[in-house]
Amino acid sequence: MEWMITADEPGRTYLMQGNEAIARGALEAGIRFAAAYPGSPSSEILAMLGHVAEKMDLYAEWSTNETCALEACLGASFARVRSLCIMKQNGLLVVGDALHSASLSGVKGGLVLVVADDPSAHSSTNEFDSRHQARSAGLPMLEPANMQEAKDMVKWGYELSEQLQQLVMVRTVTRINHGRSSVSLGELPKEKPDPVTIGEWDRMVAINWFKDAQIAKIDQAKSIFETSPFNEYKGPEEPDMIIVTCGTGWLYSSEAVEALGLRDRIGILKIGTTYPLPEDFIVKHLLKTKKVLVIEEVDPFLEQNIAGIIAYHPELQVELLGRYGGKAMPRNGELNPDIVRNTLARLTGTAFTGPETAVIPPEEAVALPARELTFCAGCPHRASFFLLKQTLRIQEGQGVVMGDIGCYTMGGQRAGHYLYNFLCCMGGGINAAEGMGQLTRFGFKQPVLALAGDSTFFHSCLPGLVNAKYHDSNMLFVVLDNSATAMTGFQPHPGIGQTAMGKAAEPISIKKVAEAIGCPVTVADPFDISGTTSKVYDLLKQPGLKVLILKQECATLVVRKREKPRVWVDQELCRGDDCGCGRFCSRIWGCPGNIWDYEAGKAKIDEVVCVGCGVCISLCPAGAIKMEGGGACG
Amino acid sequence: MPGGMDLKNEVFQSSTCALCGACLDWCPYIANMEDHLVMRFDCNVGEGRCYAVCPRTYADWQAIGDRYLPDTPRNIEIGPYFNVFRVKAAAGIKGQQDGGTVSNLVKTIMEDELAQAVLLTGSEDHVTPEPFLAVDIDDIEKAAGSRFLASPGLRKIIEAQANKVQKLAVVGRPCQIQALRKMDFNRRPDKPPLDLITIGLFCMWSLGWDFNEYLQKNFPGEKILSLGIPQHGFVVKTDKGEHILPLDEVKKFNKAGCGYCLDMTSELADISVGAFEAEKGWNTVIVRSAKGQELLDKAVEKDYLICADYPEEELNRLKGASIGKKNRNLNNIQAAFDKGVKPFIDLNSEMYAQVRKLAEGMVK
Ligand SMILES: Cc1cc2nc3c(=O)[nH]c(=O)nc-3n(C[C@H](O)[C@H](O)[C@H](O)COP(=O)(O)OP(=O)(O)OC[C@H]3O[C@@H](n4cnc5c(N)ncnc54)[C@H](O)[C@@H]3O)c2cc1C
Ligand code: SF4
Ligand code: SF4
C-alpha cells in the first residue's frame, strides 16, 4: 500500500508485504529511477513505485522488456542516479547478455536488481534459480529471509553497489514477495542528488579489459560479507548437525527445530549473502559439526557452493546433505514447513508430537468446487482459440501452432482446445514458426501459425517479425490484441497509451509497425466467429508471411467501461438434452457464463458471471440465446 | 444408430464423404467451408442424425428403393425406371448446360406451385457452387449450367424447414438424392415425412475446389462463362475464348469420395436428367415415378419442353456407362473395405454380383 511505503515515520512498525518492503527499501535508499517488466511474483513493486513516483521525486517505467529495463538503469547509473531494476526469473535470462556485460563495466550510481523466483513455477513456465546468473556474471547477491531483511538488504544494496562500483542483485522467492510480516521503517532521505555531468572522458564500457577489476570487486564483496550482519549462527557450540539455509528456508528451519525440540542438538547457519559466500565465516562454523543439511528453494545452489568450500578445506570432516540427488530433500518443487520438519525429524530420529500445520482434517475440509483453469467470461482469447481451432480443422491441413507466453498460454489446455503444438519462451513462437515456415522448400506442407499477445509482441516479437519478413517465411503470425498485459495485472505497455506513472503516451500501433516492416496485415474481430474464420481460412491459402491482428478488448477492462447488456437463454427455444448439440454452449464454447440448468434440463446463463459479450448467441444452433440492452463491445 | 464421432471415423477420415451436405443440418459440430467438411469440435452425442442420413454409412439401398419407387420396374444398370426420353427446352434459357430441361422443370414446379421452394445450386462465377432456396422464377437463371465442383447443398434443408417450407423440390446430384431418401427412411417416428419432388442429375464425378485455383492459375484474368464436358474433352468457355482441357488432367481433381459412388443417374429420384451424348442441345431424361411423369407431362403441356423417343443404341450406351462407373467404384469400395473402412454396403449381395457380370460381358 502506497501510504505505507511513503510514510515518513522512522522506527514505526507496519505489517508489510515483501514487495512493499522492497519498494520501501529502495525509497529509503533515495532511488530516482526504477524500471521493470511485469512478471509474477514481482509485479507490484514497480506498480507501487509508479503510483508514488511524482510524490517521491523519482521516475518509474514499465519497460518494453527486461533488457530495456536493465540497460535503462545502467544509463541512469552512469549519471550517478540510484536506480532499481525489477524482474522475475525468466526475465533474468532475457537480460543475460546485458547482465554479464554490465558486470565488466560496473556501475556508478547504485544499481540494485531485484529478481523474484517462482519455486514450483506457480505462475511461470519454469522455476529457474536466478542465483546461477549471479555466479555466472560474477555479481554479488543478497537473499532476504523475511520482509524486514527484504527492505534492509535493498537499502544496503545501494551502499554496497556504490562501494564496489558494481551491480548488486537481490533474490526473492514468491513467499517473500507475497508474504507479510512486520517491518520497522527507516528514514526517507530529505534530499536526493541530481544527475552529474558526463565528462568527455567518462566511460562506462563493457569490455574484457575490465575482467581483473570485476574479479577484484567480487573478492572485495566476499571479504565484506565475512562480517555482514545478514549472516549469523545460532545454536549449540557442538551441534549434531548444522542447517545452512537462506531465504524462506531459514524460517522453515527455525520452526522445525523449535517444533521438534532440537534446539540443543541442531545449529542454524543463516546466510543472507548467497554469492559470493563468506568462506571463512562458513568454515569457522562448520568445524563445529560432522553433519550439514542445506535448506534452500529451487536448486542446490548454496549446497554445491558449500561442497566447493569443503573441497578446498580438508580440515572440514562433514557429511553434506541437501536437495542434490534428492535423497535428503525433494530435488524439485517448492518447500514448505512440513517438508522441512519431516526431513529434520527423519534425519535426527525425532518424533513430532504437535499438530500438523496447514493440514485440515478431511471431515472438516470444505469441498471446493473443482475448477479448471480457463479464460474469464467474455475473454476474447476464448473466441480466438475457438475460431483458430475450427479454422485449422476445417482447412484440413493440420496447421501447426506455435504458442507464446501470456494469459493465452492457457490456450494450450482445454480452455483453448489444446491448440498449441509448441511452447518455449516469450517471443519463441514467432521464431519457431519462421524456421518451420522455411521448410516449405523441402516439401513441408502444413500451415504454420505463431501466436503472441500484444504485450509479448512489443517485448520480444519485433526482431522475429523482421526476421520472418526478410526471409519471407511461409507463416501466419497472429497477434491476440486484448489491449492489456492481463496475465500479470494490467500493466500498461507501448500499445496502451498510458505509462507506469499514469501519464498519457501516444500508443504504438501494432498494425502500423507490422506494415512498416512490410507485412500484409489483416485486422479482425475474434467475436465475429464466422467472419473471422473465413478471413483466417483465406489467409492460410496465401504464401509468405501474413500478420493477423485479432483485436478485442480484455473482458475485465470492458466491464469497467460499458453498460452490460443482458444475455439470457430462452428455455422455450433451447432443446435441452434432446438437442443433439451435446450442450455445445457450456461444454464446447465453455465460457463460465454458459451453465446448465439441471432442474430444467436446459442451458442457462449465469448472469452474475456473464459480461455480455454475446458471442455464444451466434453459436447456439437453436437460436435460443438472446441479448438485450447494453453498449457494444470493442 | 451411432453418432458424430463414428461419422468422423468411418466417413470423414476414410475420405468416402460425397459432400452431399445432409449431415450438416443444424449440427454445431460439423462445419463446412468450400469442399472441406469436418468435425470442428469433438461431438459427444452417442446417436446422431448425421450418421443416419449419410449416404456413406450402411444402408439397405434395395429396401429404400422399394419404399420410394415401389411400382417402378427394376433395372440393374440405371436403376428403376418407367421411361427414358430425349428432351429439350422449346425456348432455351440463358446459360443452360445441355437442353435446359432442368430449368424448365423447375419453372413448371414454381408456376404450378408444386413446391414452395426449390433447392438449386448456382453462382455468379459459374464455377463455385452456391446452394440456395429459389422461390422466384427469376432465380432459375442464376442456377442454369453445371458447377462441377462438389458442394454440400443439402445443408439448405434446415433453412427450408426453418422457413416452414412444407413442399420442397430439390435439384441434386445422385448422392444428394440418396441422402434425401435416407433422411426420410431413417427419420424419427415423431417427425413428419418429407414432401419432396426430386430432380436428380446424372453424375460421373465431381471436382475438388482446388480445381478453381487451377483454373485461375491457368487462365489468369479471364472471366469464366461456362464449363462443360462434351465428347472431346473438358471445355472452359471464358470471355477471351474457349479452352479445351484433356479429361485426364481434370480427373486429377476428382473428389475422393466420388470414387465410392455407385450411382450415375440418380436412381432414387422422381426424374433424372443428364446430357444426351449423341446430339448437342438435348437432355436424357429418365422417368422413375408417377410424380416425375406428371411433372414432365405438365412441362410438355405448357410447351416448355419438347419430348422425343430415345434411340435404343443410346440407351445401351448409357447403361454401359453406368455399369462402367459401378464396376470401377465397386473395385474401389472393395479395396477400401480390405483396408479397414467400415462396410457401408453389402458387397456380397446379388445385385452387385450382377453388376460385375454385366461389366465382364461388356469387356468381352
Ligand atoms: C457435378 C456434376 C457432374 C455431372 N456429370 C454428368 C455426367 O457425367 N454425365 C451427364 O450426362 N451429365 C452430368 N451432369 C449433369 C449435366 O451437367 C446437366 O446438369 C444436366 O444434363 C442438365 O442439363 P440442363 O441443361 O437441363 O441443366 P440446366 O437447365 O442448366 O440446370 C442445371 C441445374 O444443375 C444444378 N446444379 C448445378 N451445379 C450443381 C452442383 N454442383 N450440384 C448440384 N446441382 C447442381 C442447378 O441447380 C441447375 O438447376 C453433371 C452435373 C453435375 C453438377
Ligand atoms: S456424404 Fe453427405 S452426409 Fe455423409 S458425411 Fe459426406 S456430406 Fe455428410
Ligand atoms: S460422383 Fe457420386 S458422390 Fe460424386 S458428386 Fe456425383 S453423385 Fe455425388
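Reader: Where does Val205(A) sit?

Author: In a loop of chain A, between strand 8 (180–184) and helix 10 (211–225). Helices (H or I, at least four residues) and strands (E, at least two) are DSSP runs, numbered from the N terminus.

Reader: What am I looking at, and how is it numbered?

Author: This is a predicted model: local features need pLDDT of at least 70, side-chain atom pairs count only at pLDDT 80 or more, and totals for chains, interfaces and linings use all residues. Residues are numbered from 1 along each chain as its sequence is written, chains are lettered from A and ligands numbered from 1 in the order in which they are written, and side-chain values use heavy atoms, with hydrogens and water left out.

Reader: Zoom out. What are the dimensions of chain A?

Author: Its C-alpha trace spans about 80 × 70 × 55 Å along the principal axes.

Reader: How many helices and strands in chain A?

Author: 21 helices and 22 strands. Buried residues make up 56% of its 634 residues.

Reader: Salt bridges next. How many over all chains?

Author: 49. Each is a side-chain nitrogen of Lys or Arg within 4 Å of a carboxyl oxygen of Asp or Glu.

Reader: What does Arg175(A) pair with?

Author: Glu334(A), at 2.7 Å, N to O. Arg175(A) lies in helix 9 (residues 174–178) and Glu334(A) in the loop between strand 13 (319–321) and helix 14 (337–348), so the pair ties together parts 159 residues apart in sequence. Arg175(A) is partly exposed at 40%, while Glu334(A) is buried at 14%.

Reader: And Asp481(A), what is its partner?

Author: Lys551(A), with the closest N and O atoms 3.0 Å apart. Asp481(A) is in strand 16 (residues 475–481) and Lys551(A) in strand 18 (residues 545–551), so this bridge ties together parts 70 residues apart in sequence. Asp481(A) is buried at 7%; Lys551(A) is partly exposed at 42%.

Reader: Which residues are linked in a network?

Author: Asp117(A), Asp129(A), Arg131(A), Glu143(A), Arg171(A) and Glu296(A), through salt bridges.

Reader: Ligands now. What surrounds ligand 2?

Author: Chain B residues, including Val11(B), Phe12(B), Cys17(B), Cys20(B), Cys23(B) and Cys54(B). A residue counts if one of its heavy atoms lies within 4 Å. The shell has ten nonpolar, one polar and no charged residues. Ala, Val, Leu, Ile, Met, Phe, Trp, Tyr, Cys and Pro count as nonpolar, Asp, Glu, Lys and Arg as charged, and the others, Gly among them, as polar.

Reader: How does the shell around ligand 3 divide?

Author: Eight nonpolar, one polar and three charged. Among its residues are Arg56(B), Arg173(B), Lys325(B) and Ser206(B). Cys175(B), Cys203(B), Cys258(B) and Cys261(B) are also around ligand 3.

Definitions and conventions: Buried means under 20% relative accessible area, exposed over 50%, partly exposed in between (1.4 Å probe, protein chains only).
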